[in-house]
Amino acid sequence: MNFKIGILGGTGLIGKEWILSGIREGHRFRVFTRQENPPKELQGFPEIQFVTCTLPSTQDLEGLDVVINLVGEPIAGVRWTEERKKIIRTSRVDYSKGLIARLLETKKPPSVYMQASAVGYYGMSESYHEAYSESQTPGSDLLASLCVDWENQTHTLESKNIRTILLRTGIILSLHGGALEKMIPPFQMGVGGAIASGNQGMSWIHILDFIQASMYLIKNPEAKGAFNLVSPEPVSNAMFCTHLAKVLNRPNLFKVPEFVIQALYGDGSVVITKGQYVIPTKLLNLGYEFQFQNLNLALRNLLGKN
């Protein structure tokens with residue numbers, strides 16, 4: 001079945017890959033973006049309609065089968081000033097609230113609403129812990145509270161029988177942005193290594209699995225609620241660095257002290273020095289089969305080492 005999909009945040013790293021993959025499957029897209037000129041990668045496709053806006057009007061949301069909300073200002077790799085914290089929250093909680101209010105006003109609502117969330121829902125830890133499934137209660141730190149409020153905005157969709165899917169995403173592995181792109185240069189220069197204790201969990205997913213798993217959930221009428229969109233094999237930061245060094249054939253000798261990250265990012269350092277071990281229990285129970293369950297295979301694929 002082919003869908004007409006509305007996507008917000010579609011001009012970012014994940015959104016662009018998602019749209020191009022969807023077009024190959026025969027889907028059409030209405031891309032809501034603040035940009036006057038769409039990215040070159042998305043130009044020239046008759047399957048894509050661009051709507052320039054900050055928040056779509058109710059009329060612009062009519063006629064869609066699926067709405068995907070990937071909007072959210074960056075959290076990692078930025079200093080958390082008070083102003084930045086407000087922007088991070090507004091771009092997620094307030095934006096989702098406004099979008100959902102307009103969806104509820106549509107004459108024919110979409111059958112599926114998919115929204116980004118994050119494994120930050122479970123709280124942050126600098127130590128190893130038993131892996132969390134979706135049944136784990138939320139944490140109590142800033143990011144956990146943000147994710148809880150972000151997800152809670154979707155509760156009103158039940159009144160319109162809109163099937164809602166929340167993607168608690170971990171670290172998405174891609175060479176075109178995100179954590180992996182930033183980690184590679186130090187290793188290539190021979191100065192790569194674990195960060196802080198190195199014990200913090202890294203719950204990761206190959207970008208191809210992210211796209212295919214989220215489409216799998218859209219197509220599956222039993223899929224609703226929160227899903228951990230991560231590989232079944234989370235690793236520690238130290239182990240991630242070991243695998244990356246091995247695939248790049250570079251040394252893994254150095255360690256970045258916590259105070260260095262703290263000096264760079266202030267409160268925002270927690271997303272680097274802390275983490276969580278998370279597994280995709282609900283996704284596996286629905287029968288999804290990962291292309292890249294193993295970190296070494298995922299890195300070799302991305303880095304062209306197969």
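Contact here means heavy atoms within 4.5 Å. The model is predicted: local features need pLDDT of at least 70, side-chain atom pairs count only at pLDDT 80 or more, and totals for chains, interfaces and linings use all residues. Residues are numbered from 1 along each chain as its sequence is written, and side-chain values use heavy atoms, with hydrogens and water left out.

**View 1. T52 and its contacts.** T52 belongs to strand β3, residues 48-52. Strands (E, at least two residues) and helices (H or I, at least four) are DSSP runs, numbered from the N terminus. With neighbours within four places in sequence set aside, T52 is in contact with T33, R34, Q35 and E36. T33 lies 19 residues from T52 in sequence, yet their C-alpha atoms are 5.1 Å apart. T52 has 43% relative accessibility and counts as partly exposed. Buried means under 20% relative accessible area, exposed means over 50%, and partly exposed is in between (1.4 Å probe, protein chains only).

**View 2. N220 in a loop.** N220 sits in the loop between α5 (207-219) and β11 (225-229). Is N220 buried or exposed? N220 counts as buried, because its relative accessibility is 14%. Its contacts, leaving aside neighbours within four places in sequence, are R163 and L286.

**View 3. Two cysteines, C147 and C241.** C147 is buried, at 3% relative accessibility. C241 is buried too, with a relative accessible area of 1%. How many disulfides does the structure hold? The count is 0. A disulfide is a pair of cysteine sulfur atoms within 2.5 Å.

**View 4. The whole protein, for orientation.** The protein has 10 helices and 13 strands. Its radius of gyration is 19 Å, close to the 19 Å that the globule rule gives for 306 residues, so the protein is as compact as a globular protein of that length. That radius is taken over C-alpha atoms, and the rule is 2.2 Å times the number of residues to the power 0.38. The C-alpha trace spans about 60 × 40 × 40 Å along its principal axes. Of the 306 residues, 49% count as buried. Among contacts with a separation of 6 or more, 79% come from residues 24 or more positions apart.

**View 5. Charged side chains.** The protein carries 30 positive and 27 negative side chains. Lys and Arg count as positive, Asp and Glu as negative; His and the chain ends are not counted. The centres of the two sets lie 3 Å apart. Each charge is placed at NZ of Lys, CZ of Arg, CG of Asp or CD of Glu.
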